[in-house]
Amino acid sequence: QVQLVESGGGLVQAGGSLRLSCAASGRTFSSTYNMGWYRQTPGKQREFVSAIRGTDDSTYYADSVKGRFTISRDNAKNTVDLQMNSLKPEDTAVYYCAAEAPQVMGVMLRPPDYWGQGTQVTVSS
């Protein structure tokens, strides 16, 4: 099993920045796991935000956050961060950390194996 714990959410004004962090632990977790972030607002499906591949640190972003968000990982600490800049009110959501075992094809093309509990991000206009 893998446990994921997010931190860093909060309230920020439009145009501001926040940094989310996710700490992974568990007997089966390794640096080869793909890690990512999703977000969800009430009444909507959880949507992909960003991911980083464990084997080569390739990064992936939703079009809505490309150029504003940056994902990174620290394998020594088993953490993955999401730096969010130029935040907009439409970025308001609960953000979830996610992890999946290495895949032969693609990154997070199916629902992740593990989820964190979520952290609220609110961007005021």
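Reader: How much accessible surface does the chain have, and what share of that surface belongs to carbon and sulfur atoms?

Author: Happy to start there, with the reminder that this is a predicted model. The accessible surface of the chain comes to about 6,400 Å². Of that surface, the share belonging to carbon and sulfur atoms is 50%.

Reader: Which elements does the chain have, and how many of them?

Author: From the N terminus on, the elements run β-β-β-β-β-β-β-β-β-β-β. The chain has zero helices, and its strands number 11.

Reader: What radius of gyration does the chain have, and what would a compact globule have?

Author: Along the principal axes, the C-alpha atoms fill a box of roughly 40 × 30 × 25 Å. For 125 residues, a compact globule would have a radius of gyration near 14 Å. The chain agrees with that, because its own radius of gyration is 14 Å.

Reader: What percentage of the residues is buried, and what percentage of the contacts between residues at least 6 apart join residues at least 24 apart?

Author: Let me take burial to begin with: buried residues make up 42% of the 125 residues in the chain. For contacts, consider those between residues at least 6 apart in sequence. Among these, the share that joins residues at least 24 apart is 57%.

Reader: Where is Asp 57 found, and what is its relative accessible area?

Author: Asp 57 also has a positive phi, of about 65 degrees, although it is not a glycine. Its place is the loop between β5 (47–52) and β6 (59–61). Asp 57 is partly exposed, because its relative accessible area is 39%.

Reader: Which residues does Ala 23 touch, not counting those up to four places away in sequence?

Author: Ala 23 lies in strand β3, residues 18–25, and is partly exposed with a relative accessible area of 35%. Val 49 is 26 residues away along the chain, and the two C-alpha atoms are separated by 18 Å. Leaving out residues up to four places away in sequence, Ala 23 touches Gln 3, Leu 4, Val 5, Asn 78 and Thr 79.

Reader: And which residues does Gly 10 touch, again not counting those up to four places away?

Author: Strand β2 (residues 10–13) contains Gly 10, which is partly exposed at 24% relative accessible area. Lys 44 is 34 residues from Gly 10 in sequence and 20 Å from it in space, C-alpha to C-alpha. With residues up to four places away set aside, Gly 10 touches Leu 18, Gln 120, Val 121 and Thr 122.

Reader: Which strands each supply at least two residues of the lining of the largest cavity?

Author: A search of the whole structure finds one cavity of 30 Å³ or more, and about 40 Å³ of space lies in the largest cavity. Its lining is formed by Phe 29, Ser 31, Met 35, Arg 73, Asp 74, Asn 75, Asn 78, Thr 79 and Val 80. By class, that lining has three nonpolar, four polar and two charged residues. The strands that each supply at least two of the lining residues are β7 (69–74) and β8 (79–84).

Conventions: Residues numbered from 1 in each chain as written. Predicted model: local features only at pLDDT ≥ 70, side-chain atom pairs only at ≥ 80, totals over all residues. Heavy atoms only, no water. Helix = DSSP H or I, 4+ residues; strand = E, 2+ residues; numbered from the N terminus. Buried < 20%, exposed > 50% of the residue type's maximum accessible area, 1.4 Å probe, protein only. Contact = heavy atoms within 4.5 Å. 1 Å grid on protein atoms, 1.4 Å probe; cavity = no way out; pocket = protein on both sides within 12 Å on 5 of 7 lines; lining within 4 Å. Points joined across faces, edges and corners; volume = space filled by probe spheres on them. Nonpolar A, V, L, I, M, F, W, Y, C, P; charged D, E, K, R; others polar. Rg over C-alpha atoms; globule rule 2.2 N^0.38 Å. Areas by Shrake-Rupley, 256 points an atom, 1.4 Å probe, with all protein chains shown as cover.
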